[in-house]
Amino acid sequence: MEPALYIVATPIGNLADISRRAVEVLGAADLVAAEDTRHTGQLLTTLDIRATLVAYHEHSAPAVGERLRDVVAKGQCVVLVSDAGTPTISDPGYRLVRAVQEAGLPVVPVPGACALIAALSASGLPSDRFSFGGFLPSKREARRQRLTLAARARETQLFYEAPHRIRDTLRDLVAICGPEREGGIARELTKRFETVRRAPVGDLLAWVEGDSNQERGEIVLMLAPVPGT
Ligand code: SAM
């Protein structure tokens, strides 16, 4: 394998979603940089892969990234993984990518699961243009401001949202866009209780209020563009 930093996507729930190439690259890695070494260690054990793990997360000092960059510079292969899905997407890693690029070394994506893409693809919402807003702010006023901007957009908006906030966020959305604007919720994608629902946001709110199970697990929230745009 060519010496490089490999950005390897891992499953977001269903282990069968790991790609053959991801398994090959993980198996050939000199070093696997993981957000949570215990979590990734379990994945590697399941895949019957032995690898040297090193922690790389949002609180890692710049020196950790520099060390990983130097490993690539010495002609070795470093794999970056996050706990789930595609590294650097609402996950740590882009600084490491920059550091490796700035040293003139290759960065190779090994694509796979990503919650926002899986959610959008199964939502039935317009997907020719979309915008991903990452995690919504936890403070209400900041969240409302973001939702107000999202409500004016001409392309589908996607957010990652915490389950314990989904009800309040939907209430805010109904107040900001009116109950008729179409939205979507994708919950527990690829897992046992996977749910993907597209409906007017007023109906989504009523559904979540009527079923506390919808306030559990991992959630992607979606909002359709301004009608007619
Ligand atoms: N890097 C990941 C990716 O490629 O999707 C995202 C990591 S981010 C820290 C975690 C958030 O992604 C969760 O809080 C949730 O909003 C969303 N997410 C992750 N897995 C999911 C799943 N199976 N179903 C729905 N949303 C999911």
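Colleague: What makes Y160 count as buried?

Modeller: In this predicted model, Y160 has a relative accessibility of 10%. The term buried applies under 20%, so Y160 counts as buried.

Colleague: Why does F132 count as partly exposed?

Modeller: F132 has 28% relative accessibility. Buried would require a value under 20%, and exposed a value over 50%; F132 therefore counts as partly exposed.

Colleague: How many aromatic pairs does a search of the whole structure find?

Modeller: The search finds 2 aromatic pairs. One of them joins F132 and Y160, with 4.8 Å from centre to centre and 65° between the planes. The limit for a pair is 6.5 Å between centres, and planes over 60 degrees apart count as edge-to-face, so F132 and Y160 form an edge-to-face pair.

Colleague: What parts of the chain does this pair link?

Modeller: F132 belongs to strand β6 (residues 130-135) and Y160 to strand β7 (residues 156-161). The two residues are 28 residues apart, and the pair links distant parts of the chain.

Colleague: Why is the pair of F135 and Y160 called edge-to-face?

Modeller: The ring centres of F135 and Y160 are 5.7 Å apart, and their planes stand at 65°. The centres are within 6.5 Å and the angle is over 60 degrees, so this pair is edge-to-face. F135 in strand β6 and Y160 in strand β7 are 25 residues apart, and this pair also links distant parts of the chain. Ring pairs join F132, F135 and Y160 into a cluster.

Colleague: Which residue lies over the face of W207?

Modeller: R197 lies over that face, at 4.2 Å from the ring centre of W207. The distance limit for such a contact is 6 Å.

Colleague: How many disulfides does a search of the whole structure find?

Modeller: The search finds 0 disulfides. A disulfide would need a pair of cysteine sulfur atoms within 2.5 Å.

Colleague: Are C114 and C177 buried or exposed?

Modeller: C114 has a relative accessible area of 12%, and C177 has one of 19%. Both values are set against a limit of under 20%, so C114 is buried and C177 is buried as well.

Colleague: Which residues lie nearest the centre of the largest pocket?

Modeller: The largest pocket holds about 490 Å³ of space. Of its 25 lining residues, A84, A115, F135, Y160 and E218 lie nearest the centre. Two or more lining residues come from each of β7, β8 (182-187) and β10 (219-223). By class, the lining has 13 nonpolar, 4 polar and 8 charged residues.

Colleague: What space lies in the second largest pocket, and which residues are the closest to its centre?

Modeller: About 300 Å³ of space lies there. Among the 16 lining residues, Y56, S60, G93, R95 and L96 are the closest to the centre. Helices α3 (62-73) and α4 (94-102) each supply at least two residues of this lining, which comprises 7 nonpolar, 4 polar and 5 charged residues.

Colleague: Where does A153 lie, and why is A153 called buried?

Modeller: A153 lies in the loop between α6 (140-151) and β7. Its relative accessible area is 10%, and the limit is under 20%, so A153 is buried. A153 and P227 are 74 residues apart in sequence, with their C-alpha atoms 9.8 Å apart in space.

Conventions: Residues are numbered from 1 along each chain as its sequence is written. This is a predicted model: local features need pLDDT of at least 70, side-chain atom pairs count only at pLDDT 80 or more; totals for chains, interfaces and linings use all residues. Side-chain values use heavy atoms; hydrogens and water are left out. Rings of Phe, Tyr and Trp (its six-membered ring) pair if their centres lie within 6.5 Å; planes under 30 degrees apart count as stacked, over 60 as edge-to-face and the rest as tilted. Helices (H or I, at least four residues) and strands (E, at least two) are DSSP runs, numbered from the N terminus. Buried means under 20% relative accessible area, exposed over 50%, partly exposed in between (1.4 Å probe, protein chains only). A charge sits over a ring if NZ of Lys or CZ of Arg is within 6 Å of the ring centre and within 35 degrees of the ring normal. On a 1 Å grid over the protein atoms alone, a cavity is a set of points where a 1.4 Å probe fits but cannot get out, and a pocket is an open set with protein on both sides within 12 Å along at least five of seven lines; lining residues have an atom within 4 Å of a point. Grid points are joined across faces, edges and corners, and a volume is the space filled by probe spheres set on the points. Ala, Val, Leu, Ile, Met, Phe, Trp, Tyr, Cys and Pro count as nonpolar, Asp, Glu, Lys and Arg as charged, and the others, Gly among them, as polar.
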